[in-house]
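Take a moment to turn the model around on your screen before reading on. We will start with a pair of neighbours and then step back to look at the whole protein.

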Amino acid sequence: GDVKATDFCEYTASGTVAQTLNHELAQHIIRLNQIRRAVPALQKGQYSTDGCSSGNIAFKRRYTDNGVDSFACVAINGSATFSGLPNGTYTEVITGKTVSGSTITTDAIGQGNMRVYVLNGPGKIGKDGAYLK
């Protein structure tokens, strides 16, 4: 088979290459890459666990440079509460849910799932799949 990339995470494929790229795990990795690409804080932001409370994995990242101010709160494998945040509107990139304030609590997500709340975020990114719900 063949594959032709037209942009980041955008491609046309044929044959067994298309079968591989259409597999649910490949689609999951593509969506993770789309999310990381859309949120500068996830690419190169400063990492902190201050003000993050969770029994699982929770952290904040912020990136500022050349007029860019990107702030994200990430919860993996379960619910988390984030406090001491810049006050504003946070949009979750998996579900599109929006919350406001300087303290936010994610919903109770299961193992292998995550929530990424982004200050003034881009909205829902990518298509629902087998892993991110």
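Helix 1 and helix 2 are roughly perpendicular to each other, because the angle between them is about 65° and angles of 65 to 115 degrees count as roughly perpendicular. Keep in mind that this is a predicted model. Helix 1 covers residues 15-22 and helix 2 covers residues 24-38, and their axes lie 5 Å apart.

Which residues make the contact between the two helices? From helix 1 come T20, L21 and N22, while helix 2 brings in E24, A26, Q27 and I30.

Now let us step back to the whole chain. The protein has 3 helices and 11 strands. If you walk along from the N terminus, the elements come in the order β-β-α-α-α-β-β-β-β-β-β-β-β-β.

Here are some overall values for the protein, gathered in one place.

| Property of the protein | Value |
|---|---|
| Span of the C-alpha trace along its principal axes | about 50 × 35 × 20 Å |
| Accessible surface | about 7,400 Å² |

Carbon and sulfur atoms account for 48% of that accessible surface. How many of the residues are buried? Of the 133 residues in the protein, 35% count as buried.

Technical notes: Residues numbered from 1 in each chain as written. Predicted model: local features only at pLDDT ≥ 70, side-chain atom pairs only at ≥ 80, totals over all residues. Heavy atoms only, no water. Axes fitted to C-alpha atoms, helices over the stretch in contact; angles between N-to-C directions. Helix = DSSP H or I, 4+ residues; strand = E, 2+ residues; numbered from the N terminus. Parallel < 35°, antiparallel > 145°, perpendicular 65-115°, else oblique. Contact = heavy atoms within 4.5 Å. Buried < 20%, exposed > 50% of the residue type's maximum accessible area, 1.4 Å probe, protein only. Areas by Shrake-Rupley, 256 points an atom, 1.4 Å probe, with all protein chains shown as cover.
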